Amino acid sequence: MADATRTRLAPPRLPRPATLAAAVGDVAAISAFLGVGLLTHAIDPLAFPRHAALTALPFLLSWAVVAPLGGVYAHGVATDPHATILRVTAVWTAASLLGAGLRATPVLPGDAPPTFVLVNVGIGLAFLLPW
């Protein structure tokens, strides 16, 4: 009887290829946004790869944590434009706030004044939503 009541853990599921493609596309869109941001501030990401990586790290890390929790990669979201817009907007806003908080620490370059956060949310969405 004890065997019948024992709970079995399911093996971990690998992400679907479409989910992996979406995640790679999201990382590319966020990276492009951050690269353009660096260029607009006269910082060449290729000339200063360490600075570029440290600039991107808090936002990419925040996206990697918040996007799955916020359901961006949930089944059916990518095929529903309304759900995609709502979830990506909410998740990018949260990831931007978290990333700005990380960026405001002494460990990473830059700071995070409110105007930066607002611009980051708005222009980041301009890169993420069309893709």
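1. In this predicted model, helix H5 covers residues 114-128, and at 1.5 Å a residue its 15 residues should span 21 Å; the C-alpha atoms at its ends are 21 Å apart, which agrees with that expectation.

2. The buried residues of H5 are Val117, Asn120, Val121, Gly124, Leu125 and Leu128. They cover an arc of only 115° around the axis, and therefore lie on the same side of H5. An α-helix has 3.6 residues a turn, so residues three or four places apart point the same way. On the other side of H5, Thr115 and Leu118 are exposed, while the cover over the buried residues includes helix H2 (17-40), helix H3 (49-69) and helix H4 (81-103).

3. The structure holds four aromatic pairs. One of them joins Phe33 and Trp92 in an edge-to-face arrangement, with 6.2 Å from centre to centre and 85° between the planes. This pair links distant parts of the chain, since Phe33 belongs to helix H2 and Trp92 to helix H4, 59 residues apart. Phe33 is buried, with a relative accessible area of 8%, and Trp92, at 0% relative accessibility, counts as buried.

4. Trp92 also forms a tilted aromatic pair with Trp63, at 6.1 Å centre to centre and 50° between the planes. Because Trp63 lies in helix H3 and Trp92 in helix H4, the pair ties together parts that are 29 residues apart in sequence. Both Trp63 and Trp92 are buried, and together with Phe33 and Phe127 they form one aromatic cluster.

5. A further ring contact involves a charge: the charged end of Arg103 sits over the ring of Phe116, 4.4 Å from the centre of that ring.

Technical notes
Residues are numbered from 1 along each chain as its sequence is written. This is a predicted model: local features need pLDDT of at least 70, side-chain atom pairs count only at pLDDT 80 or more; totals for chains, interfaces and linings use all residues. Side-chain values use heavy atoms; hydrogens and water are left out. Helices (H or I, at least four residues) and strands (E, at least two) are DSSP runs, numbered from the N terminus. The expected span of a helix is 1.5 Å times one less than its number of residues. Buried means under 20% relative accessible area, exposed over 50%, partly exposed in between (1.4 Å probe, protein chains only). The arc is that of the directions from the helix axis to the C-beta atoms. Contact means heavy atoms within 4.5 Å. Rings of Phe, Tyr and Trp (its six-membered ring) pair if their centres lie within 6.5 Å; planes under 30 degrees apart count as stacked, over 60 as edge-to-face and the rest as tilted. A charge sits over a ring if NZ of Lys or CZ of Arg is within 6 Å of the ring centre and within 35 degrees of the ring normal.
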